Amino acid sequence: MCGIVGLHLKNDSGHQPLGAQLASMLECMTTRGPDSAGLALYTDPLTAGRQRYSVRLPEHADAVDVARRAGAELGSDVLVESVRPDGATFVSAGDEDAVQAAVTAAEMDAVVVGFGTAIEVFKDVGSPRSICDRYGIAERPAYQAVGHTRMATESAVTTDGSHPFAVASDLALVHNGTFSNYATVRRKLEREGIGCTTANDSEVCARFIALQMSRGADLEDALKMVLKELDGFYTLLVSTATEFAVVRDSFACKPAVVAENDDYVAFGSEFHALGSLPDVGNATVFEPMPEEIHVWRR
């Protein structure tokens, strides 16, 4: 049992107090997943080919020094946008695979937990409230966010096993449920040269979606392929820089509720996570039907 939440602002503003709203929503899901939590925030996109890299660093590492050495390895600037309790957010215009390789060459214990033009990813072990407080989520503006509280079932309680899984540029996935055939799908991905870094079944799904999109599928088509190829009981919330999507399996036994009005689309595993949102009383509230894919685009 896990809890997932999300918020997608329809109006064109990256400066809403969305972090505070998501932190409150995430705290409401504590009982569904008390061992770890995480979230992805989408803010004003970078330009000129630059991307943000959310990087977890060991305690001994100095973020400025790691960025300097990574830049020397890359042959292009790697800049520190911000220092975080777990590491730093780097910015670079280099090739994304080369940037990640340069970061890990500069610091072998560095872990890139997410990257993209708009996304920043935070994930840690602990209660949702403690994690949101530690990273100052309530003070962060954004136009879109997804979050997750985890109750580990098929893998250990670790930061790496926490959600979201953000395995491609600006792509984030949070998941409630289990996939019964994820090992089979993981082996298929390996034959395509795609490896997983954790034992988590959700990572397999995220990498499967990323593969479909790398081949030209849009997010909706990629989720149709999930319904076709992955078996299990699940609710997924998946986002890109411009999309916010929900899908449930054919039995739809994992809870999901959507509230939509003129200003936003909100998602939660339970309605009480949405109850404090502005004007939610005038929103259209519904539960997505089995195998029904909903996608909202900016």
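**Questions about a predicted fold**

Biologist: What is the relative accessible area of K10?
Modeller: Buried means under 20% relative accessible area, exposed means over 50%, and partly exposed lies in between, with a 1.4 Å probe and protein chains only. K10 falls in the middle class, since it is partly exposed. Its relative accessible area is 32%.

Biologist: What kind of model is this, and which atoms count for side-chain values?
Modeller: This is a predicted model with residues numbered from 1 along each chain as its sequence is written, where local features need pLDDT of at least 70, side-chain atom pairs count only at pLDDT 80 or more, and totals for chains, interfaces and linings use all residues. Hydrogens and water are left out, and side-chain values use heavy atoms.

Biologist: Where does K10 lie, and which residues does K10 touch?
Modeller: K10 sits in the loop between β1 (3-9) and α1. Contact means heavy atoms within 4.5 Å. Leaving out residues up to four places away in sequence, K10 touches E260, N261, D262, D263, Y264, V265 and R298.

Biologist: How far is K10 from R129 in space?
Modeller: The two residues are 119 residues apart in sequence. From C-alpha to C-alpha, K10 and R129 are separated by 26 Å.

Biologist: How many helices and strands does the protein have?
Modeller: Both are DSSP runs, numbered from the N terminus: helices are H or I with at least four residues, strands are E with at least two. By that count, the protein has 7 helices and 16 strands.

Biologist: What is the radius of gyration of the protein, and what does the globule rule give?
Modeller: The radius is taken over C-alpha atoms, and the rule is 2.2 Å times the number of residues to the power 0.38. For 298 residues the two values are close, so the protein is as compact as a globular protein of that length.

Biologist: What share of the residues is buried?
Modeller: The C-alpha trace spans about 50 × 40 × 35 Å along its principal axes. Of the 298 residues, the share that counts as buried is 55%.

Biologist: What share of the contacts joins residues at least 24 apart?
Modeller: Start with contacts between residues at least 6 apart in sequence. Of these, the share joining residues at least 24 apart is 72%.

Biologist: How far apart are the centres of the positive and negative side chains?
Modeller: Lys and Arg count as positive, Asp and Glu as negative, while His and the chain ends are not counted. Each charge is placed at NZ of Lys, CZ of Arg, CG of Asp or CD of Glu. There are 25 positive and 42 negative side chains. Their centres lie apart by 3 Å.

Biologist: Which elements do the buried residues of α5 pack against?
Modeller: In α5 (residues 182-191), Y182, V185 and L189 are buried. Down the axis they fall within an arc of 60°, so they line one face of the helix. The arc is that of the directions from the helix axis to the C-beta atoms. The packing partners are β10 (171-179), α6 (201-214) and α7 (219-229).

Biologist: Which residues of α4 are exposed on the other side from its buried ones?
Modeller: In α4 (residues 128-135), P128, I131, C132 and Y135 are buried. They cover an arc of only 95° around the axis, which puts them on the same side of α4. They pack against α1, β2 (36-42), β7 (119-125) and β8 (144-150). On the other side, the exposed residues are R129 and D133.

Biologist: Which residues is A20 in contact with?
Modeller: A20 belongs to helix α1 (residues 18-28). A20 is partly exposed, at 33% relative accessible area. Setting aside neighbours within four places in sequence, A20 contacts I137 and A138.

Biologist: What is the omega of the peptide bond from H163 to P164?
Modeller: Most peptide bonds are trans. P164 is in the loop between β8 and β9 (165-168). The bond from H163 to P164 is cis, with omega near 5°.

Biologist: What are the phi values of D279 and E291?
Modeller: Most residues other than glycine have a negative phi. D279 lies in the loop between β14 (264-268) and β15 (284-286), and E291 in the loop between β15 and β16 (294-297). For D279 the phi is positive, near 60°. For E291 the phi is positive too, near 55°.
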